[in-house]
Amino acid sequence: MPDFLIFYKMPLCRSVFWGAVCFLFFSCQEQKEEPPNLPPYIVGHIPYDESKDNPDFELCNNGYIIENGGRRSPYKGGVKKMWTYFQPTFDQLAYKKGEDGYLTVRFLANCKGEKDRFRVLAINKRYRPKEFSEDITTLLLESVRNAPDWQIASHKGKNYDGYNMVTFKLTDGQVTDLIP
Amino acid sequence: MKYLLVYIWTLLVFVNFGCQEPPPPLTWKSPRQEAEHWFEMQTDYFMGSRQSQYFLSKSLEADPTFARAWMQKALPHLQKGEFAQGFKYLDKAVELNRLEYLGYRGCAKLYYLHDSKGALKDLIELDSMTPNFTDAPWGRDIYYTMGIAEKRRGDLLSAYMYFNRSILNTTKEKGEDWVEVKVFLYRGIVRLELGDATGAIEDFEKGIQYFDKFMEAHYYKGKALLELDQKENACKNFAKAKEFLTAGYSYSNQMYSMTEEVLMDDILHYLNMCNN
């Protein structure tokens, strides 16, 4: 054994050595400090808004929300069932020249399947922010709100809170495509 | 005693400096070096997290011409339906490095918004920028993606031409077993829609040859066989599709809907017909 390792054989030195290793390990864990001035939310988060949202809507998993995940389709029966459900709504939309673009409805469904925090995000054909006329927005938003078969987010057999969304492609006020 | 002091001193030095990341230099050699440092920091966090957003902002503050950071900033917005922000950042990345990010933007337009026309514009431009080279935006042969875009647009002949080109190019360059099986599937679907059920079956069988649990290929082969009035054989394929889907074999993506997605209801519809 080299001379300088002789102290490792002494119980006290051995304790000091392992103490140092533990200290090193835990101090390394603390190296990652939160940077200051972080943005308030992760991208896509929908914070509670008392002017729009139901105060009784409860999340199940302590703020852990799955993004549209854990399942193949966000809607039971997939895109075809979505078309079947939404078609009567689409038929009610009047022709409106210039009402072109994409209207996305994003919302939260908790682990019990209750839905809330609906938000509308809309863009024009050039992908810039746009506001569709109120009748189009209200009709599509209410239709999404009342759709019965949104899937609950799940992972390994357990239900979670999850974000869902659907995008409607509009040309002259008519829905020409539906993107889950 | 001398060795004891050396031993303790070494431990202290080790403990004090061993695990600390080297501090960022006070002066950077260039804005890009600083931007890359902050970009690297954000890779420790999940995409779109508060920390990731913070470090990407620092990166872009240091060097607003750093296209990779704009691209990274765009991704979580696109995935979460915030398309205005997503495309604003992605456009910036494309403006700064057209060759690198045009293909990504084309795919994003196609898969997130079903904007086939916009997607084709980007993909055709990218293809023209790289003669004698087959690009692979989103990890897929560009002609395959262009075929999907044309099919969505309803131009079946163009779609067929692109799927064909994808298969022929890959076969010529690397061999047929390098062709992604989905290209056979889509060329088959297009042939079926063009009325060529026999040709379609050849493509579905080719897909199955390379991946025997190819649920979608079995399903569409069943549909093609029905066109040829071969009900018994068709039903066997629907049964196989059901078996493979039950076992979890299907192409799906959590972030965007799959073109020509096959669901259990579709298969059961045909199996019910088989039982009658």
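Helix 3 of chain B (residues 50-62) has 13 residues and reaches 19 Å from its first C-alpha to its last, close to the 18 Å expected at 1.5 Å a residue. The expected span is 1.5 Å times one less than the number of residues. Helices (H or I, at least four residues) and strands (E, at least two) are DSSP runs, numbered from the N terminus. The model is predicted: local features need pLDDT of at least 70, side-chain atom pairs count only at pLDDT 80 or more, and totals for chains, interfaces and linings use all residues. Residues are numbered from 1 along each chain as its sequence is written, while chains are lettered from A and ligands numbered from 1 in the order in which they are written.

The buried residues of helix 3 of chain B include Tyr54(B), Phe55(B), Leu56(B) and Leu60(B). A residue is buried if 20 or more other C-beta atoms lie within 10 Å of its own, exposed if 12 or fewer, and partly exposed in between, with C-beta atoms placed from the backbone. The buried residues of this helix pack against helix 2 (31-42) and helix 4 (67-79) of chain B. Two residues are in contact if their C-beta atoms, placed from the backbone, lie within 7 Å.

Helix 10 of chain B (residues 181-193) also has 13 residues, which should span 18 Å at 1.5 Å a residue; its end C-alpha atoms are 19 Å apart, which agrees. Helix 10 of chain B is mostly covered, with 11 of its 13 residues buried. Among them are Phe184(B), Leu185(B), Tyr186(B), Ile189(B) and Val190(B), together with Lys182(B), Arg187(B) and Arg191(B). The buried residues pack against helix 8, helix 9, helix 11 (197-210) and helix 12 (215-227) of chain B. Gly195(B) follows helix 10 of chain B and has a positive phi, near 95°.

Two packed helices are described by the angle between their axes and the distance between the axes. Axes are lines fitted to C-alpha atoms, for helices over the stretch in contact, and angles run from 0 to 180 degrees between N-to-C directions. Angles under 35 degrees count as roughly parallel, over 145 as roughly antiparallel, 65 to 115 as roughly perpendicular and the rest as oblique.

Helix 8 (residues 142-153) and helix 9 (residues 156-173) of chain B pack at about 165°, with their axes 8 Å apart. Helix 8 of chain B is therefore roughly antiparallel to helix 9 of chain B. The crossing is left-handed; that is, the near helix is turned anticlockwise from the far one by less than a right angle, whereas clockwise would be right-handed. Contact residues include Tyr143(B), Tyr144(B) and Met146(B) of helix 8 and Tyr162(B), Phe163(B) and Arg165(B) of helix 9. By class, this contact has seven nonpolar, four polar and three charged residues. Ala, Val, Leu, Ile, Met, Phe, Trp, Tyr, Cys and Pro count as nonpolar, Asp, Glu, Lys and Arg as charged, and the others, Gly among them, as polar.

Helix 7 (residues 116-129) of chain B packs with helix 8 of chain B at about 150°, with axes 9 Å apart. This angle makes the two helices roughly antiparallel. Their crossing is left-handed. Residues that meet include Leu120(B), Leu123(B) and Asp127(B) in helix 7 and Ile142(B), Met146(B) and Arg153(B) in helix 8. The contact divides into seven nonpolar, two polar and four charged residues.

The axes of helix 6 (residues 98-113) and helix 8 of chain B come within 11 Å and cross at roughly 30°. Helix 6 of chain B is therefore roughly parallel to helix 8 of chain B. The crossing is left-handed. Gly103(B), Cys107(B) and Leu110(B) of helix 6 contact Ile142(B), Thr145(B), Ile148(B) and Ala149(B) of helix 8. This contact has five nonpolar, two polar and no charged residues.

Chain A has three helices and six strands, running α-β-α-β-β-α-β-β-β from the N terminus. Of its 180 residues, 22% count as buried. Tyr127(A), in the loop between strand 3 (115-123) and helix 3 (134-146) of chain A, has a positive phi near 70°. Tyr127(A) is buried, with 22 other C-beta atoms within 10 Å. Lys156(A) has a positive phi near 50° but is exposed, with 5 other C-beta atoms within 10 Å.
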